Amino acid sequence: MKTLEEPTDRQENHVLFDRLSALDIAAFVVDGVDLSPGDAIPSDGDPRIDRALAGFLFTCGPEHIRHPETIEGRRDCARYPLHGSLAGTAVTRTEMGEGGNACTATIEVTLADGGHARVERRWRNDAERNEVKLEDRVINAGTSAFAPMMMYHLNVAGRLLGADSRIVSASLENGERGWRFGEGESAHFCLPAAVGADGWSQVTLAGLAGLGGRSLHVRFRADTLPFLQMWRCQRGDADVISIEPVSHRIAKRPDLAAAGELTPLQPGEGRSYAIAFAVV
């Protein structure tokens, strides 16, 4: 694990990477407070996902997202794993640069259908915008086409939110809503992302009581992540809310394929994704 520090005039931030799980973020600490949920998560029975979900950010993909589904064209009932094959994959190579304010990684991923992908990942502090930025390039390193799917989960401990905490985004019908959306102990939604003039979409988890009323701002590149999904779970010991920029709407793979939404990536081709976040 490596730490990427983000110095600012107002607060001290630290990002702790997990080299055993795709160089995702195990912890994001702001003035001594870790935003990640830790043990306060539900379990789907997959130790890869339990480990990843406990951290501040984990990545679904690169060939599947969400719950397991049957692999197309297979007669052996083989299925894509929960949230795809990337989670739990160790990093092949990492390199720190720019005075400790950037980190690059290469992740070689064996896909569930037998294919192969390479994720070229770059984390950096964007001093101009005062935010942490992630840029991913997913490359088909196999011999047959596959349709890339990606989702980024930014997980926040529910204990940090208060009664006045809210979600703010142009993607929402009225521009904002309370963080306890939906009914019951767990709920989610997935909406087309409102796109700004720069081609990015934005969402804010505002008024975090556990951070002195500060807010978590998230931006994501909307051409390859055209949907804003959010999920919360307050069930038993679980207490978490997640901002989830995602490449595909909620639908079964056959429905996405029939609608032409599973766009194949040919051998040697790549597709790029980017997200950024800051606490202000």
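Predicted model: local features only at pLDDT ≥ 70, side-chain atom pairs only at ≥ 80, totals over all residues.
Residues are numbered from 1 along each chain as its sequence is written, and side-chain values use heavy atoms, with hydrogens and water left out.

**Overall build**

- The protein chain has two helices and 20 strands; these are DSSP runs numbered from the N terminus, with helices (H or I) of at least four residues and strands (E) of at least two.
- A compact globule of 280 residues would have a radius of gyration near 19 Å, and the 18 Å of the protein chain agrees with that. This radius is taken over C-alpha atoms, and the globule rule is 2.2 Å times the number of residues to the power 0.38.
- Along the principal axes, the C-alpha atoms fill a box of roughly 55 × 45 × 40 Å.
- Take the contacts (heavy atoms within 4.5 Å) with a separation of 6 or more: 60% of those in the protein chain are between residues 24 or more positions apart.

**Surface and charge**

- The accessible surface of the protein chain is about 12000 Å², and carbon and sulfur atoms account for 47% of it. Such areas come from the Shrake-Rupley method with a 1.4 Å probe; for residues, only the protein chains shown count as cover.
- There are 30 positive and 39 negative charges, and their mean positions are 3 Å apart. Lys and Arg count as positive, Asp and Glu as negative, and His and the chain ends are not counted. Each charge is placed at NZ of Lys, CZ of Arg, CG of Asp or CD of Glu.

**The nonpolar cores**

- A nonpolar core is a set of buried Ala, Val, Leu, Ile, Met, Phe, Trp, Tyr and Cys residues joined through side-chain atoms within 4.5 Å.
- The largest one has 55 residues, and Phe56, Leu216 and Phe277 touch the most other members.
- A second, separate core holds 21 residues, including Ile41, Cys233, Val246 and Leu262.
- Beyond its neighbours within four places in sequence, Phe277 is in contact with residues including Ile25, Phe56, Trp123, Glu131 and His217.

- Aspartate 136 sits in strand E11 (residues 131–140), and it counts as buried because its relative accessibility is 3%.
- Skip the neighbours within four places in sequence, and aspartate 136 still contacts Arg121 and Arg271, among others.
- Lysine 133 lies in strand E11 too, and with a relative accessible area of 12% it is buried.
- Among the residues lysine 133 touches, not counting those up to four places away in sequence, are Trp123, Trp200 and Ile275.

- Glycine 61 and proline 62 are joined by a cis peptide bond, with omega about -5°. Proline 62 is in the loop between strand E5 (57–60) and strand E6 (69–70).
- Leucine 23 isn't a glycine, yet it has a positive phi of about 60°. Its loop runs between strand E2 (12–18) and strand E3 (24–30), and leucine 23 counts as buried at 0% relative accessibility.
- Cysteine 77 isn't a glycine either, and its phi is positive at about 65°. Cysteine 77 is in the loop between E6 and strand E7 (79–80), and at 63% relative accessibility it counts as exposed.

Key: Buried < 20%, exposed > 50% of the residue type's maximum accessible area, 1.4 Å probe, protein only.
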